[in-house]
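Biologist: I have a new model open and would like to go through it with you. Can we take it piece by piece?

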Amino acid sequence: MKLQPEYYLNQDAVFLAKNLLGKVLYTKIDDQITAGIIVETEAYFGVKDKASHAYGGRRTSRTETMYSEGGVAYVYLCYGIHNLFNVVSSIKDEPHAILIRAIEPLVGKEIMEERRNMPFTKSAISSGPGSASKALGIDRSFNAKNLNGTEIWIEDQSIKFSDDEISISPRVGIAYAQEHALLPWRFFVKGNKYVSKPNKI
């Protein structure tokens, strides 16, 4: 059920962003397992994407993880507060990534409640990329970890959404990306309460 390494080598980040909806993201920290169904994603298409950290081939100590062969975690700090988790995809030196923006709690809900100090029935527990990471215990120590390992991984549990159940929109909070800010590269499950706002199209 764990996604195989070759899954992440797909060179179409937009396809993967949509395909990851319904997959289940797991973490294991100090023998505590938590997991959530991925219900919202965004694609970042490497050096040609003005919204990407790697636009124009930018390589820094932060972005270097994005240039890895697909199948590792890229975790960075946003606003000095939030750890954002991305799936690095494509072949080595082609820095594509899919941001996981929201999950629906599935396994270890009581652990997520402790981490977020709220009940799992409250959508804010894992709505938005910072909240999703915190619910799963993901911090920057997960950066560059292999997604086929024992600390963080993604499974296919045959949770499928049809095209009619998926909404597509421009990505959130990337006005700086000029015309690329309008690209319809955000995908989310219609009507799922854990999806971040704006959650209606």
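Biologist: How do the residues of the lining of the second largest pocket divide into nonpolar, polar and charged?

Modeller: Two are nonpolar, six are polar and three are charged. Keep in mind throughout that this is a predicted model.

Biologist: Which residues line the second largest pocket?

Modeller: The lining is Ile-81, His-82, Asn-83, Arg-116, Gly-130, Ser-131, Ser-133, Lys-134, Gly-137, Ile-138 and Asp-139. The elements giving two or more residues to it are E4 and H3.

Biologist: Which element gives the most?

Modeller: H3 does, with four residues.

Biologist: And how much space lies in that second largest pocket?

Modeller: About 150 Å³. The largest pocket has a volume of about 450 Å³.

Biologist: What lies nearest the centre of the largest pocket?

Modeller: Tyr-76, Cys-78, Leu-84, Leu-99 and Val-172 lie nearest its centre, out of a lining of 25 residues. By class, that lining has 14 nonpolar, nine polar and two charged residues.

Biologist: Which elements each supply at least two residues of the lining there?

Modeller: E2, E3, E4, E5 and H3.

Biologist: Let's turn to H3. Why is H3 said to be largely enclosed?

Modeller: Seven of its eight residues are buried, so the rest of the structure largely encloses H3. The buried ones are Pro-129, Gly-130, Ser-131, Ala-132, Ser-133, Ala-135 and Leu-136.

Biologist: What covers the buried residues of H3?

Modeller: The cover includes E1, E2, E4, E5 and H2. Just after H3 comes Gly-137, which takes a positive phi of about 75°.

Biologist: H2 is in that list. Which residues of H2 are buried?

Modeller: In H2, residues 109-116, the buried ones are Ile-111, Met-112, Arg-115 and Arg-116. Seen down the helix axis they fall within an arc of 125°, so they line one face of H2.

Biologist: And what covers them?

Modeller: Strand E1 (24-29), strand E2 (32-45), E5 and helix H3 (129-136) are included in what covers the buried residues of H2.

Biologist: Which residue follows H2, and what is its phi?

Modeller: Asn-117 follows, with a positive phi near 55°.

Biologist: Now the strands. In which sense do E3 and E4 pair, and over how many bridges?

Modeller: Strand E3, residues 73-78, pairs with E4 in the antiparallel sense over six bridges. Tyr-74 stands opposite Asn-86 in E4. The hairpin of E3 and E4 has three residues between the strands, and Tyr-79 in it takes a positive phi near 55°.

Biologist: What about E4 and E5, how many bridges join them?

Modeller: Four bridges join E4 to strand E5, residues 96-107, and the two run antiparallel. Ser-89 stands opposite His-96 in E5. E4 and E5 form a hairpin with six residues between them, and Ser-90 in the turn has a positive phi of about 80°.

Biologist: How many residues of E4 are buried?

Modeller: Seven of the eight in residues 82-89, so E4 is largely enclosed by the rest of the structure.

Biologist: Back to E5. Is Pro-105 in that strand buried or exposed?

Modeller: Pro-105, which is in strand E5, counts as buried because its relative accessibility is 5%, and the limit for buried is under 20%. Pro-105 touches Ala-35, Gly-36, Met-112, Phe-120, Ile-125, Ser-126 and Tyr-194, leaving out residues up to four places away in sequence.

Biologist: How far apart are Pro-105 and Tyr-194?

Modeller: They are 89 residues apart in sequence, and 8.8 Å apart in space, C-alpha to C-alpha.

Biologist: Where does Ser-126 lie?

Modeller: Ser-126 is in the loop between H2 and H3. Ser-126 counts as buried, at 0% relative accessibility. Apart from residues up to four places away in sequence, Ser-126 touches Arg-101, Ala-102, Ile-103, Pro-105, Ser-131, Ala-132, Ala-135 and Tyr-194.

Biologist: Last one: where is Ala-181?

Modeller: Ala-181 is in the loop between strand E7 (166-169) and strand E8 (186-189). Ala-181 counts as buried at 14% relative accessibility. The C-alpha atoms of Ala-181 and Lys-50 are separated by 8.0 Å, with the two residues 131 apart along the chain.

Terms used. Residues numbered from 1 in each chain as written. Predicted model: local features only at pLDDT ≥ 70, side-chain atom pairs only at ≥ 80, totals over all residues. Heavy atoms only, no water. Buried < 20%, exposed > 50% of the residue type's maximum accessible area, 1.4 Å probe, protein only. Pairing = 2+ DSSP bridges. Arc of directions from axis to C-beta. Contact = heavy atoms within 4.5 Å. 1 Å grid on protein atoms, 1.4 Å probe; cavity = no way out; pocket = protein on both sides within 12 Å on 5 of 7 lines; lining within 4 Å. Points joined across faces, edges and corners; volume = space filled by probe spheres on them. Nonpolar A, V, L, I, M, F, W, Y, C, P; charged D, E, K, R; others polar.
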